[in-house]
Amino acid sequence: MRAGLSVHKITKQYREQELVLKEVTLEVEEGSFTAIVGPSGSGKSTLLNIMSGLQKPSSGEVYINGNNITRFSEKEMANLRRRSLGQIFQGYYLMSHLTAEENIRMGLPVSGDSQTVQELAQLLDIEGILGQFPRQMSGGQQQRVAIARALIKKPQVLFCDEATGALDELNSKKVIALLHQVRLQYGVTVLFITHNPEIARTAQRVITMKDGSVHKDVVNAKPIRAEEMSWA
Ligand SMILES: Nc1ncnc2c1ncn2[C@@H]1O[C@H](COP(=O)(O)OP(=O)(O)OP(=O)(O)O)[C@@H](O)[C@H]1O
């Protein structure tokens, strides 16, 4: 396994005597799609935010490409995040005064190339709305623009926190299918927090968090395709 990302004995404590993460150790294979599931409050978002460098652990290390990012300065971390890491949340966080295309370009590091706007727009089926503002788009379109913004720099890792939580069945399926497609096309490693067991069935690996620890870590030998997900 080529581990592009790993965490070693990560702990997180927000308040005294209450560990939200309890020595979590994980290796994530490059180019894989991993679902992170578990009850509310089990530490999923905290773990993801520590892996993506958004939050610092109380102890332990996070390695990306062999670099211990927990030792990075703020500037080094900002550089890594801007160049190599993408993040998608349930809220789309688009800039309301910018068009779809301008929002997508916001995801580029200063010196990055911009030829992929068209390519991504085609892939995400948003070519026709590139000139529109967020208020003129549906939720599904806004999320696809947010995904394009996260993908335009061709990130090494894409961190998704309930990225389809606000979408209906059809749009959720489209977004999950797209994430699998870009994973294959660009070799992006995808980490996807979800409460939806059907989405987890499309993942190659499912990590279940419970009370701040990895409760289960299961390789899914036969992931289903996004189109096969059944919505109750
Ligand atoms: N900034 C913070 N300050 C204090 N406590 C926090 C903070 N962020 C999270 N927590 C606490 O840490 C625990 C884990 O939260 P986290 O958001 O990581 O869980 P989660 O599994 O992602 O939950 P959900 O599925 O509801 O998003 C919770 O008890 C939460 O209240």
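Visitor: Which residue in S8 is the bridge partner of Phe33?
Guide: Phe33 has Val190 as its bridge partner in S8, where strands (E, at least two residues) and helices (H or I, at least four) are DSSP runs numbered from the N terminus. This is a predicted model, in which local features need pLDDT of at least 70 and side-chain atom pairs count only at pLDDT 80 or more, whereas totals for chains, interfaces and linings use all residues. Residues are numbered from 1 along each chain as its sequence is written.

Visitor: In what sense do S3 and S8 pair?
Guide: Strand S3, residues 33-37, pairs with S8 in the parallel sense over 4 bridges, pairing being at least two DSSP bridges between strands.

Visitor: And S7, over how many bridges does that pair with S8?
Guide: Strand S7, residues 157-161, and S8 are joined by 5 bridges, again in the parallel sense, and Phe159 stands opposite Leu191 in S8.

Visitor: Is S8 mostly covered or uncovered?
Guide: S8, residues 189-193, is mostly covered, with 5 of its 5 residues buried (20 or more other C-beta atoms within 10 Å of the residue's own, placed from the backbone). Thr189, Leu191 and Ile193 point one way from S8, while Val190 and Phe192 point the other way.

Visitor: Switching topic, which residues surround the ligand?
Guide: Among them are Tyr14, Val20, Gly38, Gly43, Lys44, Ser45 and Thr46, a residue counting as near if its backbone-placed C-beta lies within 6 Å.

Visitor: Which helix gives the most to that shell?
Guide: Helix H1, residues 44-51, gives the most to the shell around the ligand, contributing 3 residues.

Notes. A residue is buried if 20 or more other C-beta atoms lie within 10 Å of its own, exposed if 12 or fewer, and partly exposed in between; C-beta atoms are placed from the backbone.
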